[in-house]
Amino acid sequence: MRKLSVIGIGAGDPDQVTVQAIKAMNLVDVFFVIGKGAEKQELVDVRTGILDSHVDGEYRIVEVADPPRDRTPDDYKGVVDDWHDRRAEVLEKHFAAVPDDEIGAILVWGDPSLYDSTLRIVERVLARGNLSFAYTVVPGITSVQALAARHRIVLNAIGEPVHITTGRKLRDEPTGNAVVMLDADCSFTAVAGDDIHIWWGAYLGMADEVLIDGNLREVEDDIVRTRATLRDRKGWIMDTYLLRQQM
């Protein structure tokens with residue numbers, strides 16, 4: 001394999017896949033799909049459904065088992081760094097099995113540029129020095145864009161910046177103005193103030209999409225309960241939200 005495409009496929013809706021992504025997918029011989037366990041098989045199924053919808057020719061799918069890692073470590077960066085190394089080792093083995101005249105691809109949920117490790121891991125594969133290949137990146141619709149569209153809102157206040165952060169960082173630095181991703185602990189409950197509005201969305205772009213918005217103090221308990229119910233039912237959840245202090 002001498003060529004690899006890293007392709008953003010949007011937040012889950014096959015209609016969000018861009019024309020550029022569709023063109024890139026139709027050049028691919030083998031797709032590497034990173035699996036995250038039986039409870040998240042639906043994420044793999046969505047990817048294969050996107051391929052069924054948009055790819056005309058023959059292709060192979062190679063499911064790659066994602067190495068486990070501690071989700072609540074004391075040394076977060078150290079644990080993630082080790083996880084990236086193990087991911088790179090696994091991907092290298094799969095890349096090496098593809099003939100040199102074929103094109104491989106990794107389908108990335110959302111966009112490869114935003115809170116996704118794929119590009120860092122591809123670079124680590126190259127840095128190991130055992131394989132040489134060129135790779136391209138195709139952007140995709142993010143859950144942040146999908147959240148704004150589904151709630152029919154503009155992310156920024158007039159003349160103000162957009163702050164995108166994680167639940168972990170929000171707990172460390174609570175703020176009433178932020179787009180928050182990767183929040184497993186409902187960190188919005190730690191943000192002080194009675195004048196903050198929240199726009200929350202789970203499974204954005206998917207058939208099970210759920211939206212809630214309102215004054216944070218009035219809807220936070222509803223979001224916590226809803227999130228727990230959805231996670232218990234499906235075994236996984238992906239949600240994103242915007243917090244904004246009302247002027």
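Modeller: Before we start, two strands count as paired when DSSP finds at least two bridges between them. Keep in mind too that this is a predicted model.

Colleague: Good to know! Over how many bridges do strand 8 and strand 9 pair?
Modeller: These two strands run in the antiparallel sense. Counting along the whole pairing of strand 8 with strand 9, the number of bridges is six.

Colleague: And how many bridges join strand 8 to strand 10?
Modeller: Strand 8 is antiparallel to strand 10 as well. Trp200 takes part here too, with Tyr241 as its bridge partner in strand 10. The number of bridges joining strand 8 to strand 10 is seven.

Colleague: Which residue in strand 10 is the bridge partner of Val180?
Modeller: Strand 7 and strand 10 run antiparallel and are joined by three bridges. Tyr241 was named above as the strand 10 partner of Trp200. For Val180, the bridge partner in strand 10 is also Tyr241.

Colleague: How many of the seven residues of strand 8 are buried?
Modeller: Start with the two faces of a strand: in a regular strand the side chains alternate between them. In strand 8, Ile196, Ile198, Trp200 and Ala202 point one way, while His197, Trp199 and Gly201 point the other way, and all are buried. Strand 8 is therefore largely enclosed by the rest of the structure, with a buried count, out of seven residues, of seven.

Colleague: What about strand 10: how many of its seven residues are buried?
Modeller: Strand 10 is one of the elements covering the buried residues of helix 5. Strand 10 is itself largely enclosed by the rest of the structure, because its buried residues, out of seven, number six.

Colleague: Let's turn to helix 5. Is His151 buried or exposed?
Modeller: His151 belongs to helix 5, residues 143–151. Its contacts, leaving out residues up to four places away in sequence, are Trp199, Trp200, Gly201, Leu211, Ile212 and Asp213. The relative accessibility of His151 is 12%, and the cut-off is under 20%, so this residue counts as buried.

Colleague: Which residue's backbone oxygen does the side chain of His151 reach?
Modeller: Strand 8 (196–202) and strand 9 (210–215) are among the elements that cover the buried residues of helix 5, and His151 is one of those buried residues. The side chain of His151 comes to 2.9 Å from a backbone oxygen, that of Trp200.

Colleague: Just after helix 5, which residue takes a positive phi?
Modeller: Helix 5 covers residues 143–151, with His151 among them. The phi in question is about 60 degrees, and the residue that takes it is Arg152.

Colleague: Now a loop residue. The side chain of Asp111 reaches which backbone nitrogen?
Modeller: Asp111 sits in the loop between strand 4 (103–108) and helix 4 (118–127), and counts as buried because its relative accessibility is 9%. Apart from neighbours within four places in sequence, its contacts are Asp116, Pro139, Gly140, Ile141 and Thr142. One of these supplies the backbone nitrogen, at 2.7 Å from the side chain: Gly140.

Colleague: With which side chain does the side chain of Ser187 make a polar contact?
Modeller: Ser187 is placed in the loop between strand 7 and strand 8. At 2% relative accessibility, Ser187 counts as buried. Leaving aside neighbours within four places in sequence, Ser187 touches Gly167, Leu170, Arg171 and Tyr241. The polar contact between side chains, at 3.1 Å, is with Arg171.

Colleague: Last one, on pockets: which element gives the largest share of the lining of the second largest pocket?
Modeller: This pocket has a volume of about 250 Å³. Its lining has 15 residues, with Ala157, Glu160, Pro161, Asn177 and Arg244 nearest the centre. Strand 7 and strand 10 are the elements that give two or more residues to this lining. By type the lining divides into nine nonpolar, four polar and two charged residues, and the largest share, four residues, comes from strand 10.

How values were computed:
Residues are numbered from 1 along each chain as its sequence is written. This is a predicted model: local features need pLDDT of at least 70, side-chain atom pairs count only at pLDDT 80 or more; totals for chains, interfaces and linings use all residues. Side-chain values use heavy atoms; hydrogens and water are left out. Buried means under 20% relative accessible area, exposed over 50%, partly exposed in between (1.4 Å probe, protein chains only). A polar contact is a pair of N or O atoms within 3.5 Å; within protein, one must be able to donate a hydrogen and the other to accept it, and residues adjacent in sequence count only if both atoms are side-chain atoms. Contact means heavy atoms within 4.5 Å. On a 1 Å grid over the protein atoms alone, a cavity is a set of points where a 1.4 Å probe fits but cannot get out, and a pocket is an open set with protein on both sides within 12 Å along at least five of seven lines; lining residues have an atom within 4 Å of a point. Grid points are joined across faces, edges and corners, and a volume is the space filled by probe spheres set on the points. Ala, Val, Leu, Ile, Met, Phe, Trp, Tyr, Cys and Pro count as nonpolar, Asp, Glu, Lys and Arg as charged, and the others, Gly among them, as polar.
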